[in-house]
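This report describes the architecture of one protein chain, from its overall make-up to selected local features. Please keep the sequence and the model at hand while reading.

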Amino acid sequence: MEPRTTSEPVNSSVPAHAAALAAPRVIGLYGLPGCGKSYIMDQLKQELGETDFEYFEGSKEISKVTPGGLDEFKMQDKYKQDHWRKLAIDAIKSTCAQTGKTGIVTGHYMFWEGGKKEEASRVCSQADLATYTHILYVNAPLEVTAKQRAEDTKRARSNLSSEHLRRWQETEIQEIHDLCRENNILFATIYPNLKSKLASLIRDFQCHDENHNRLVAEHIFDKCISPSYDELQTVLFFDADKTLAAVDTGTRFWKIHETKGGKKDPLSALFRGPLGYSYTAFRQAMLLYEESTNDDEFEAICEEIASHTRPLSGNVLASAPGRKLPPRFFCHCDLRTTTLKVVGGGRIKDGFVVTPSVKECLITRAKSAHTVYTWAFGDSPLDLPMMRAAHKPVVVVGEQQSRSKSMEHKLLTEIRDNGLQARQVLLPVNTSPPLLDTAKLPVANLTEKSFLDEIFQPLGRPGGVRLHHATDSHATKLLSTPMRDDSIRGPSLQEAHENAGRYLATRYLVELIGTEVLAIRHPQGNFVAGYRLLDEEQTLIVPLMRGGQSMASGIFKVFPKARLHDAKEPTDVKEEHLKGIVNVILVDSVINSGESMAQFVQRIREVDGAVRIIIVAGVIQDQAVKGCSQLRAVARSTELTVVALRLSANKYTGKGTTDTGNRLFNTTYLD
């Protein structure tokens, strides 16, 4: 079973009104006459309000568009009635498109007041199915419906047997269910498990689309990444069923549910049907879980499954005693059956569903936004997009009778047409026959040291930010005083920055880079050993203009054999400037977000991948070297040393009279 889930809401980047104009959300509220649709509608009005929602009674809307009203409508033939019904639903759709609100409509699927099957009259039209994005069916207990029909004094209700009401309700549910699948409409029954969370469900319907789904998934993934972001280098993505675990936890869920008196597994039919493995299909699967159990029952079944499910990833972990593991493992999972970090779920409250495109999106985000190394483990064609996106794709090949029947052909196509370079692991080890030719898809062993070393050992590249600062030193207190004094500007402030550059050069840069011996003449006339910066003549000092110029001047005076090159834009650093260079010292007076400095680092790395880069600043805001900053992102692929006089938690960015560059050069009149 593939992941199908939800998570806490995040606002979509698409304005609600614009989205509504493109495709208005209209929710049909269906059920037998007398089941309580109007009562539920009144409750929803109170809970949801009318700011974001429009409420429509189907019969009243028909009355509005029919000359002579509802009485005249009832006297007309079926052809004319269908015409007025279409006008009514078109008007509802138009209203929702114009207001940007989500519509909730009470309606009838069929009338079957007589006892004979041929007397049933289906009134749901293709126009209805083209309008509704969701249909909720009020499957109230039949005894409740019968009682409400009998006590209704406003409408004339025929006296129908409980058996007839049962056949009527079951027929409607089955036929609406099938029509919704064919017309890309989400469908759920309300009783008993959705009744208490109906308002929450409709709010979810209001905001959810594929874009929202992706944003929520990224939000949840970022929250998983953030606790260990500073140390994280590698992320392992596992598909859930038959990859992370040998069993299909979804199938097991429905078997347990059936033993407790619930329905049989509906998911196989769902994914084999018209919806396929689309976003709508995964959302429909979430609704099936929701309507099948309440939250406590759901968690209890998941706990039962988890107690009997050993993750296949445990083979990897158990085979690595004493190893320093990557700080986080992540997996995609439909039901929470593992102790690994899970991106997934199975309920409305989770906020998103894990589709094949979401898997691919999260790996792409891990690589681009978090610049980590990615492994993807999957077993089915649905996992191919995420395996294609990962640095290291691994196909998990299970026992022959349970593996995907179409995987071999689609995998071959992926290798041949898209150049996928993957390996396969056989589970159980050495017993399952491999897929394809092992020359095309080499076999790796989860218990072999070489394969585990590749996963667990640190990447073969330096990385990370190495921060050095003198914030609390007495020297910094003296040096930073004139730099922070607003009355000191122009040449005096330039001198203060120059002094700070001298201090940082002698306290930190010499220690970080090292020294080399040179012969100098002693006043007594003989030659003695002197010292200068190691590779001083192969060192390039680059002040970011114009704030870094004065501090760079101080560094230059300590290392007079170095080269000095002013740069305003990253492209000002060219190949000829870096030819023969061993050390690059980037200098700025203040680093706020680190965005500009990161661009310079990226530029230098594009030209020369081996040169050492050291960043020097008078003040650096701590946000620039922590969390998901751009400097730290750049440092994923290259070791980056940062030296600062002070590290500051003040996120204020100077402008005009407070800008350091303007204060240095008496241009505070500039905004």
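How many helices and strands does the chain have? The chain has 26 helices and 22 strands, both taken as DSSP runs numbered from the N terminus (H or I over at least four residues for helices, E over at least two for strands).

## Basis of the model

The model is predicted: local features need pLDDT of at least 70, side-chain atom pairs count only at pLDDT 80 or more, and totals for chains, interfaces and linings use all residues. Residues are numbered from 1 along each chain as its sequence is written, and side-chain values use heavy atoms, with hydrogens and water left out.

## Overall make-up

Of the 671 residues in the chain, 51% are buried; buried means under 20% relative accessible area, exposed over 50%, and partly exposed in between (1.4 Å probe, protein chains only). Among contacts between residues at least 6 apart in sequence, 75% join residues at least 24 apart, a contact being heavy atoms within 4.5 Å.

## The five-stranded sheet

An open sheet with parallel pairing is formed by 5 strands in the order β2-β3-β1-β6-β7. Two strands pair if DSSP finds at least two bridges between them. The edge strands β2 (53-57) and β7 (186-189) each pair on one side only. From one strand to the next, the twist averages 15°; angles run from 0 to 180 degrees between N-to-C directions, and axes are lines fitted to C-alpha atoms, for helices over the stretch in contact.

Strand β2 is joined to the parallel strand β3 (residues 102-106) by 5 bridges, and Phe-56 stands opposite Val-105 in β3. Helix α5 (residues 78-99) packs on this sheet, where it touches β1 (26-30), β2 and β3; the direction of α5 makes about 165° with that of β2.

## A helix pair

Helix α9 (residues 198-207) and helix α13 (residues 279-292) pack at about 175°, their axes 13 Å apart. The two helices are therefore roughly antiparallel, a term for angles over 145 degrees. Leu-201, Asp-204 and Phe-205 of α9 meet Arg-283, Met-286 and Leu-287 of α13 in this contact.

## Strand β13 and its surroundings

Strand β13 (residues 423-426) is covered on both faces: Arg-423 and Val-425 on one side, and Gln-424 and Leu-426 on the other, are all buried. In a regular strand the side chains alternate between the two faces of the sheet. Strand β12 (residues 392-397) runs parallel to β13 and is joined to it by 4 bridges, with Val-396 opposite Val-425. Strand β14 (residues 443-444) is also parallel to β13, through 2 bridges, and its Ala-444 is the bridge partner of Val-425.

Lys-440 lies in the loop between β13 and β14. Its relative accessibility is 44%, so Lys-440 counts as partly exposed. Leaving aside residues up to four places away in sequence, Lys-440 touches Leu-412, Ile-415 and Ala-422. The C-alpha atoms of Lys-440 and Ala-422 are 8.5 Å apart, although 18 residues separate the two along the chain.

## The six-stranded sheet

A further open sheet has 6 strands with parallel pairing, in the order β15-β22-β21-β20-β18-β19. Strands β15 (464-469) and β19 (563-564) stand at the edges with a single partner strand each, so one side of each has no neighbour in the sheet. Between β18 (residues 539-543) and β19 there are 2 bridges, and Ile-541 has Leu-564 as its bridge partner in β19.

Methods:
Angles under 35 degrees count as roughly parallel, over 145 as roughly antiparallel, 65 to 115 as roughly perpendicular and the rest as oblique.
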